[in-house]
Amino acid sequence: MDTPSKPVSLREHVTAIAAEAHVVAAHWLKQGLVLALADGRLLSWQDGETGEVAMHGGGLLCACSDGASIVTGGDDGRVMSWSGSGEPQEIARDPKRRWVDSVTLSASGSLAWNTGRSVHARDDKGRVKSLDVATTPQGLAFAPKGYRLAIAQLNRVALWYPNTEAKPELLDWAGSHLDVVWSPDGRFVVSSMQENALHGWRLGDKPTHMRMTGYPAKPRSLSWSHDGLWLASSGADAAIVWPFQGEGPSGKAPRECGARHAKVTRVAFHPKALVLAVGFDDGCILLIRLTDASELLVRPAQRGSGITAFAWDRLGKRLAFGCEDGAAGVLTVPAG
Amino acid sequence: MPEKIPVTVLTGYLGAGKTTLLNRILTEDHGKKFAVIVNEFGEVGIDNELVVGADEEVFEMNNGCICCTVRGDLIRILDGLMKRKGKFDAIIVETTGLADPAPVAQTFFVDQDVGDATKLDAVVTVTDAKWLRERLKDAPEAKNQIAFADVIILNKTDLVTPEELAEVEAAIRAINPYAKLHRTQRCDVPISALLDRNAFDLDRILDIEPDFLESGHHHHHSDAVRSMSFTIPGDVDPEKFMPWINDISQAQGPNILRSKGILAFKGEPRRFVFQGVHMILDGDLQRDWLPDEQRQSRLVFIGRDLDEAELRKGFLACAA
């Protein structure tokens with residue numbers, strides 16, 4: 001086994017892609033990789049063949065995918081969808097051209113997005129429900145089962161059943177909540193905060209709080225392990241990985257993976273194994289195995305080329321990445 | 001470090017002429033591209049994909065600093081804009097007529113992501129020569145906007161007599177004698193007078209002299225919001241000064257709108273320069289004192305209900 005201090009390089013297994021604009025998100029569809037770019041374009045890539053799709057008149061702010069299509073939100077106030085071929089479809093358009101900077105899809109094909117101080121949810125039959133909220137909705141995430149949406153806001157995360165008249169359940173905690181994720185088993189909701197922290201709730205009749213603090217920067221990238229027992233986060237000079245076995249991370253120390261003299265900007269767990277992709281603001285990418293902390297170098301540091309997007313394909317054979325300067329690439333994990 | 005994008009904050013009471021100024025900046029041929037964050041979408045008559053509508057959303061940071069309010073919407077919008085670096089040279093943030101400029105300014109010092117990518121260049125306040133004196137009586141926001149300004153556009157000067165103009169200027173100067181003041185009609189001020197001011201850049205704070213030269217001018221010191229300056233004709237002891245200024249900004253931060261200082265520390269060849277917004281202080285050693293420059297220590301506070309005698313006593317006690 002190689003020591004963690006001298007990671008083995010996988011550089012020759014990386015194929016470079018020139019995206020030529022800040023990569024907002026990367027997603028794998030059946031037809032191949034799609035990079036969502038800040039200048040409003042999608043760049044599709046399949047074994048070296050590239051194509052372009054114009055999605056937004058202005059900037060593209062967010063993207064999500066269920067593996068069948070990619071959905072994007074833009075500063076032209078539109079929500080757009082593309083299924084990997086043909087023309088993109090407009091799903092919604094805000095009459096006041098307010099930004100759509102959060103979109104999310106559920107496994108069953110429900111979609112949610114934000115505009116101004118409203119949240120909109122479209123179920124798998126195409127029915128749209130809207131909810132007005134007191135403060136700007138930021139991150140959105142569907143529960144893994146059932147039609148329920150977590151909404152990150154100022155001083156709370158709201159849990160909303162769009163198809164009922166019931167008022168949303170409010171998980172209160174002072175501060176500005178930015179991104180929100182739901183654990184794969186549905187037991188935990190975790191938000192990232194303006195105050196350089198994560199805050200979690202164990203759901204139940206009386207939700208209990210979990211404070212995860214000590215980050216030097218905002219932990220804006222969160223990723224669950226395939227078994228749902230670990231939550232990796234960015235925002236420090238190493239990936240911070242919290243244990244979610246049993247009652248959750250309260251009172252337990254997190255694992256710190258891949259400490260370097262740079263800030264972690266993106267994390268992404270492998271879909272089948274306890275292997276974490278860690279991207280830094282200096283452009284470096286490491287693959288780290290949680291079981292023995294061994295490290296593999298995917299991309300050496302490159303000034304001004306901080307990592308902004310990751311996506312593993314469904315089987316975990318390829319890792320796509322994108323960068324703030326428009327560089328991108330695909331790592332094909334060598335067999336064995 | 002990549003170049004930080006300069007941000008100009010445009011404030012002004014309702015009807016003073018902010019939209020006129022904004023449209024002027026956007027239509028004039030000056031070779032610069034702006035991203036503009038406006039509060040009333042649609043008022044700006046320019047078809048520009050980089051005009052963004054914002055819902056002002058002020059919140060208190062959960063960090064124990066009671067006046068540490070920031071604009072959450074601004075953090076989000078700047079984060080989005082920064083993904084399109086290269087599409088614009090500078091950013092203009094227009095606030096509502098009733099807005100307090102402090103949360104906007106503080107956002108640039110409190111949020112690290114914003115501070116890493118952008119720099120606050122200056123607060124520009126548009127005022128109305130005809131109505132400002134009325135507003136100063138009934139609208140605390142109007143006073144705050146004057147107090148906070150680095151540049152003041154005294155607009156609609158054609159609607160008042162020379163005597164009225166002199167009175168309104170005196171009222172402005174009683175609150176803030178340090179801002180650059182431009183008298184205008186229909187905001188006809190050169191764009192270069194508004195941009196690249198570097199008002200918050202410690203390296204560019206050269207002096208803190210008033211913008212006008214009428215020494216011995218009588219101020220109306222009964223006003224609650226006003227400025228005061230203190231000078232020690234020599235060095236201060238940093239061991240005394242640093243704890244004092246920290247205590248003052250903690251205890252009186254909510255009432256101190258802006259502060260600025262250039263200080264000579266005993267035994268230190270370089271000038272110590274600081275500037276502050278409420279409780280947030282930013283200070284550093286700057287260039288050397290020049291051979292022909294008198295080493296002296298000078299402080300300015302602009303604030304509300306400040307005890308001038310007490311502050312003077314405290315500062316003078318820091319002399320080395």
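Reader: Which residues have a positive phi although they are not glycines?

Author: Two cases can be described, one in each chain. Glu20(A) has a positive phi of about 65°, and it lies in the loop between strand 2 (14-18) and strand 3 (23-29) of chain A. Asn198(B) has a positive phi of about 55°, and its place is in the loop between strand 9 (180-183) and strand 10 (225-232) of chain B.

Reader: Moving to the whole chain, how many helices and strands does chain A have?

Author: Chain A comes to 0 helices and 31 strands. Its radius of gyration is 19 Å, close to the 20 Å that the globule rule gives for 336 residues, so chain A is as compact as a globular protein of that length. Along the principal axes, the C-alpha atoms of chain A fill a box of roughly 55 × 50 × 30 Å. Of its 336 residues, 52% count as buried, and, among the contacts in chain A with a separation of 6 or more, 42% are between residues 24 or more positions apart.

Reader: Which residues have the most contacts inside the largest nonpolar core?

Author: In soluble globular proteins, nonpolar side chains tend to be buried together. Here the largest nonpolar core has 105 residues, and those with the most contacts inside it are Val24(A) and Leu35(A). Strand 16 (residues 149-160) of chain A gives the largest share of this core, 8 residues. Leaving aside residues up to four places away in sequence, Leu35(A) touches several others, including Ala19(A), Val23(A), Leu42(A) and Ala328(A). Apart from this core lies another, of 85 residues, among them Phe108(B), Val124(B), Val126(B) and Val300(B).

Reader: Into which domains is chain B divided?

Author: Chain B has domain 1 (5-200) and domain 2 (225-316), and their centres, taken over C-alpha atoms, are separated by 26 Å. The contact between them takes 19 residues from domain 1 of chain B and 15 residues from domain 2 of chain B. On the side of domain 1 that touches domain 2, the largest share, 5 residues, comes from helix 3 of chain B. By class, that side has 15 nonpolar, 3 polar and 1 charged residues.

Reader: How many residues of helix 6 of chain B are buried?

Author: Helix 6 of chain B is mostly covered, with 7 of its 9 residues buried; among them are Ala142(B), Ile146(B) and Phe148(B).

Reader: How many residues does each chain bring to the contact between chain A and chain B?

Author: Chain A brings 25 residues and chain B brings 19 residues. On the side of chain A that touches chain B, strand 17 (residues 169-182) of chain A gives the most, with 3 residues, and by class this side has 7 nonpolar, 10 polar and 8 charged residues.

Reader: Where in chain B does pLDDT stay under 50?

Author: A predicted model should be read together with its confidence values. Over residues 214-218 of chain B, pLDDT stays under 50, and the model has 0 contacts beyond four places in sequence for them. The mean pLDDT of chain B is 87, and 91% of its residues reach 70 or more. For the complex, the predictor gives an ipTM of 0.91 and a pTM of 0.90.

Conventions:
Residues numbered from 1 in each chain as written. Chains lettered and ligands numbered in written order. Predicted model: local features only at pLDDT ≥ 70, side-chain atom pairs only at ≥ 80, totals over all residues. Contact = placed C-beta atoms within 7 Å. Helix = DSSP H or I, 4+ residues; strand = E, 2+ residues; numbered from the N terminus. Nonpolar A, V, L, I, M, F, W, Y, C, P; charged D, E, K, R; others polar. Domains from an automatic or database assignment. Rg over C-alpha atoms; globule rule 2.2 N^0.38 Å. Buried ≥ 20, exposed ≤ 12 C-beta atoms within 10 Å, placed from the backbone. Core = buried A, V, L, I, M, F, W, Y, C linked by C-beta atoms within 7 Å. pLDDT = per-residue confidence, 0-100.
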